[in-house]
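Okay, thanks for coming, everyone. Let me put it on the screen.

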Amino acid sequence: MSFLVILAAGVSCNKEIPGPAGNDGEYELGVEMCTATFKLNVKRQPKTKARTIGALDDESIDRIDVYEYNCGRQTYWDCLPVHYVLTAAELESGVFHVQNPTNAKKGYLFYANLSPAIADKIANTYGNRLYNVNIRSIDFYDGTYGVPMGGTKYVYFNADQTVDVSLERFFYRVDVGEIVADFEDESWMGKDVFVKNIALINTAAIVTMGGDYLSYLEPDYIDNAIFGPQKTTTEDQPFFGGLEVIRNGYRLEDGTSYSCWNPSTDATVSCSFLMNKNKNVASGVLNITATDVWLTNTVQSYDNSLGEGRICSSTNPSQSHTLTVNKSLYGMKGCVPYGYYGVLSTSSNQNAFPKLVVEISVDGRSYFYPILMYYPMHNVAYQISRITLKREGSDYSNFFEIKIAAEVEISVADWEETEIGNINVGYTDDTGSAIY
């Protein structure tokens, strides 16, 4: 299916013409109408070697829902939207007719690959209350439909016009190419060393359908409606991958649970705010709470009892020290931006920021290499070609103890273009201070 979807067609403002199904007869004859032609585009990502295992079909579109907001003279988005669903025939033809009276001002939210239940929930929720619609990640995406996407637009119907809309994925992606053992302590190269798990931890377990409070039906605000307002990096707290500007996503509180709407029962349930939460877990523990598709999305495991994941051997001097991973991991937009910055800390001041953590087994004992992912940006593919293990890892999955530092070199681009180098973990500088 083509991913360029035309949602309206027209060449000039005309007298009243019947609108889409459900809108016929809405306007009186003689009212001058204008047509907006929305073109929805999905950015394509490169095909990379790091996307062999667990890669989702993150370009396909099974369903598109369009929500048109017009609160009349009301200042706030205190109204229900007009809800359009593209049929299979409309998706195939790429044409969907929407018209409005001349000088009408409308706000539009676009969603792709929602379940019918979630789509109906949005249709029956006032626009300025969407930020209260929290849904568990497993209910929002269970693999039944494609990767969820969203986009926004404000349209002033003062003339016939063509409007481009970019659909952005709710997920961020982390591609891990390979893990290399290059320990400075040569004795470790002669031990039995296995990679046990590679995991995204402290990732959002819920998604909100409104990224920011919809205060006004104006262009400056509608861009925040799904993915939140822009946030700019600071020198002392850089964003993961060197990005300077991101969308807030959903700023989760550092609490224990949230109230989430359950699509299956149409009831409110208590839900965890983080998936694979590892803040404050005991030494030697990697806490994995994800299940079903999200277990696959966030974790790559190796059965060491079968020899999987081996990178050093006590008996085989010819053992390869490189583990080819080629795994794509996925996380939901959202971050807990509270706590001390960094992965170097004491147990009492560790944070719950998202992290990529590598767990290894050395002669049967677990060590961890957590890599900070402060504010990972949705719709961005972070492609890591190599992670090189240099020193003894941490006893804790969520942080390096204050006596241990780590050096990380990483460069990240967006979903379309990414170029990542090597990440060395388990490092200190000449003074013993933390580099990262």
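Quick definition before I start: when I say contact, I mean heavy atoms within 4.5 Å. And keep in mind that this is a predicted model.

Let's begin with a helix. In H2, residues 116-123, the buried ones are Ile118, Ala119, Ile122 and Ala123. Why do I say they sit on the same side of H2? Because they cover an arc of only 145° around the axis. As a general point, an α-helix has 3.6 residues a turn, so residues three or four places apart point the same way. And what covers those buried residues of H2? Among the elements doing it are S3, strand S4 (82-85), strand S6 (105-112), strand S7 (134-136), helix H3 (137-140) and strand S16 (258-262).

S3 brings me to a residue I'd like you to look at. Glu68 is in that strand, which runs over residues 64-69. Is Glu68 buried or exposed? Buried: its relative accessible area is 4%, and the cut-off for buried is under 20%. Its side chain has a polar contact with the side chain of Asn100, at 3.0 Å. If you skip residues up to four places away in sequence, Glu68 touches Pro81, Val82, Tyr84, Val98, Asn100, Lys106, Gly107 and Tyr108.

Now the cores. The largest nonpolar core has 43 residues, and the members touching the most others are Val174, Phe183, Val195, Ile198, Leu356, Ile360 and Ile387. Elements that each give at least two residues to this core include strand S10 (171-181), helix H4 (186-189) and strand S23 (355-362). S10 has the largest share, with five residues. Take Leu356: beyond its neighbours within four places in sequence, its contacts include Val174, Ile198, Leu329, Tyr369 and Ile387. There's also a second, separate core of 36 residues, and Trp77, Tyr111, Ile118 and Phe171 are in it.

Last stop, Thr346, in the loop between strand S22 (344-345) and S23. Thr346 is partly exposed, at 32% relative accessibility. Its side chain makes a polar contact with that of Ser348, at 3.1 Å. Leaving out neighbours within four places in sequence, Thr346 is in contact with Phe399 and Ile402. Thr346 and Ile402 are 56 residues apart in sequence, yet their C-alpha atoms are 5.6 Å apart.

That's my tour, happy to go back to any of it.

Technical notes:
Residues numbered from 1 in each chain as written. Predicted model: local features only at pLDDT ≥ 70, side-chain atom pairs only at ≥ 80, totals over all residues. Heavy atoms only, no water. Core = buried A, V, L, I, M, F, W, Y, C linked by side-chain atoms within 4.5 Å. Buried < 20%, exposed > 50% of the residue type's maximum accessible area, 1.4 Å probe, protein only. Helix = DSSP H or I, 4+ residues; strand = E, 2+ residues; numbered from the N terminus. Polar contact = N/O pair within 3.5 Å; in protein donor to acceptor, adjacent residues only side chain to side chain. Arc of directions from axis to C-beta.
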